[in-house]
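Trainee: Can we go through this model together? I'd like to start with the confidence scores.

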Amino acid sequence: MLNAVIPLLLDSLASAALIFFAAVGLTLVFSVLRVLNVAHGSLYSIGGYVAASICLFIASRQLNPYWSFLALLFSAVCVAAIFGPLIERGLIRWTYGKSEAVQILITFGLFLILEDLQRVIFGVQSFYEDAPMRLLGTTSIGGVVYLNYQILLIGMAFLIVIGLRLLINHTRLGRLITAVVTDREMAQSIGIDTNRIFILAFSLGVFLAALGGALATPTSGIAPGLGADTMVLAFAVAAIGGLGQIEGAALASLIVGLARVLAIYLAPSLDAVAPYAAMLVVLLIRPYGLFGSVAARRI
Amino acid sequence: MTSRGISIVVARCLSSLEWLFRLDRGVPQGKVRWVVDGLAGALALGVVAATPAAAQEKPSALGLGIFTFTSGPAAAYGMPGKNAADLMIGEINAKGGIGGVPVSATYVDEAQGAQGVIAEYRRLAGDAKNQVMVAALSSANCLALAPLAEQLEVPTVGWNCDTHQLLMDGKSKYVFRPNGNTVPEFIAYAIYLLDRKPDVKTVAIINPDYAFGHDAAKIFTAALKALKPDVEIVAELYPKLGSPNYQTEISRLTTARPDVVFSNLWGADLENFVRQAAPRGIFTSSQVILALGETVLQRVPLPDGVIVGVLGDGWWMSPDARAKPETVKFAEAYKARFGEYPVFPSIKMANALIYVKAAYDAAMRKNGGKWPTRVELADAMNGSKVETLTGIAQTRTDNDGLVDQIVGVTVRTSAQQFPVIGDMVRYKGDSLMPQAGQDPLAWIATLKPEFAKGLPKPGSYK
């Protein structure tokens, strides 16, 4: 019995970790900026491409392969530093206060541009670099061999949930973000530089997206089209958890991960629809998501 | 210029005149259209009738519409096909083209989906320069394009179309497959497996979630059940095509503890699966069959003993291929230009172009050296027997192909830095195919264990 449950549990956690990395940045950006960033999936795949490129460079120069781990983090920082301020100042800020349709159209346009940009820069073939995965080896649990890298990803997901909660609740930046989220106009009136908060929050969202892509690269290839798939799954997770809710995204990732794993184990033909079936059930019961709440509309 | 080409040009000229002089001004639209179309038709018919010889004149260039995946995860399989087409067309043109006419290709990316592929096919077919389509890679696209080929009467050579459903009705006039199909391709694996591992009891399957994956699973399972009825299928997984992550599927396969894992994943999906499955011990705990495994031999470190094949005879290092100087030359030229040796999709594409050239040569021999029409070309393909880079491609009267099937296992040699195929067998193409018009699954169900006894054994092809 235990031998049957352990693989289910571990696979669910491992799957949930990858899904969480894809969704948490999207939900953070929405919570602060109130913008649904359709280009989020592209930033995820750009993170993956940059990480794979740096890791391949390390391998080609026969440098210490353990630098690859640092490269995963470094690539996410680079992507966030370049794309975060650029996109927020260049595009997103023009959408504040506009209707959701305008925001979605503009970020969808950005998504198309970024997808083509990836094709131009990285080509159309798949990218692989699995050095970090190979370096960590494997562990046999419940008769099933797991990659230690998968276990590392689970730990990283927990660290990010805790880290974000600490950032929001126990730092000055977090309190400023909370103030802006709670009442943007009031925050401005007491002297908070909301523009700076928006840039920082958006860049943090880009960092989380790029980190997700970078961390996923060693266990899965990066190819054109990944951005779109990621975006759809991230939306499902954000909707289940409640848009803008970080703990909600974590719990939703777990639900989606469990749904997918159960489908693969028990009814493989339902694998593709399982995350969306879970979303449907949750939204039927709680239309604003697990952690979401009804917001009063200002007139 | 062909008669069809002349008609199109005349009609377009008249349409331009109509627009230029605003013939429709003040006249009801329907009448103007009727008059102009009538004039166009009459004039075109007149021109065609008056110039019968012109219909057979050689064009300045022969256009081929070539359909393959040049982007997305499937490009890992599609690009070697495109590379081979570039190389082979260059070789054909260097020798004077086809019947003295240089060949040029327009590539269509199948990653745009069936709707886009159909639109591109229509656009290319509308240009008289494009007399032949080499389409397609994806079985789904082949099935979508086949009715269009019949409707537009364009000879269409399925360079990779594997699905046995493509020519099952036996009524096709313009669609040809100079390859095997899913039936011989996957029966071959069942026979090879049972010869190599006769005590197999449990099998797990992981195939892509579309027609090719499901058809292959159905055929492989049916063949196993017919040849060894006590075999049990303990898991059947169909991950989405283009899925980047197989970790949960790998756990599921491990917990099923099968004797054999069978897969016809391909392209980047196959590379992803192998890279993720190898460190997790799948290749040591089970006998793995990767039906399209040859495509990743040079890119992924596959362990020894994995059963792989080439869905046909397109193994550039097979004894037959090595005996042909032109194949060796092609492989070396491919390596020099693209940095890797050709994989079997490359060979399939090259063979398809050889097939097209052979059809033109045959049609011109038959009609006294004149440039053939599309109908004459299709006639030349039907029932043909063409020597390819790796064997013989025979076309039956139902336009389906017969090619041999090569299967083996991965082995290391000192000659190459990557694993190659060893312990090979080469099954005759017709030995694994039902008769034209026969239901393939019903035919497989009639097979008995004795069927395999009369076939060559692993290691017999040296």
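**Confidence, a helix and a sheet**

Mentor: Chain B has a mean pLDDT of 88, and 88% of its residues reach 70 or more; pLDDT is the predictor's confidence in each residue, from 0 to 100. This is a predicted model: local features need pLDDT of at least 70, side-chain atom pairs count only at pLDDT 80 or more, and totals for chains, interfaces and linings use all residues. Residues are numbered from 1 along each chain as its sequence is written, and chains are lettered from A and ligands numbered from 1 in the order in which they are written.

Trainee: Where does pLDDT stay under 50 in chain B?

Mentor: Over residues 1-55 of chain B. The model has 34 contacts beyond four places in sequence for them (contact: C-beta atoms, placed from the backbone, within 7 Å).

Trainee: And what does chain A average?

Mentor: A pLDDT of 90, with 97% of the residues at 70 or above.

Trainee: New topic. Is α6(B) largely enclosed or open?

Mentor: Largely enclosed by the rest of the structure, because 13 of its 15 residues are buried (20 or more other C-beta atoms within 10 Å of the residue's own, C-beta atoms being placed from the backbone). Helices are DSSP runs of H or I, at least four residues, and strands are runs of E, at least two, numbered from the N terminus.

Trainee: Which strands form the open sheet in chain B?

Mentor: β11, β12 and β13, in the order β11-β12-β13, with antiparallel pairing. The edge strands, β11 (385-387) and β13 (401-402) of chain B, each pair on one side only. Two strands pair if DSSP finds at least two bridges between them.

Trainee: What stands opposite Thr395(B)?

Mentor: Gly401(B), in β13(B).

Notes: A residue is buried if 20 or more other C-beta atoms lie within 10 Å of its own, exposed if 12 or fewer, and partly exposed in between; C-beta atoms are placed from the backbone. Two residues are in contact if their C-beta atoms, placed from the backbone, lie within 7 Å.
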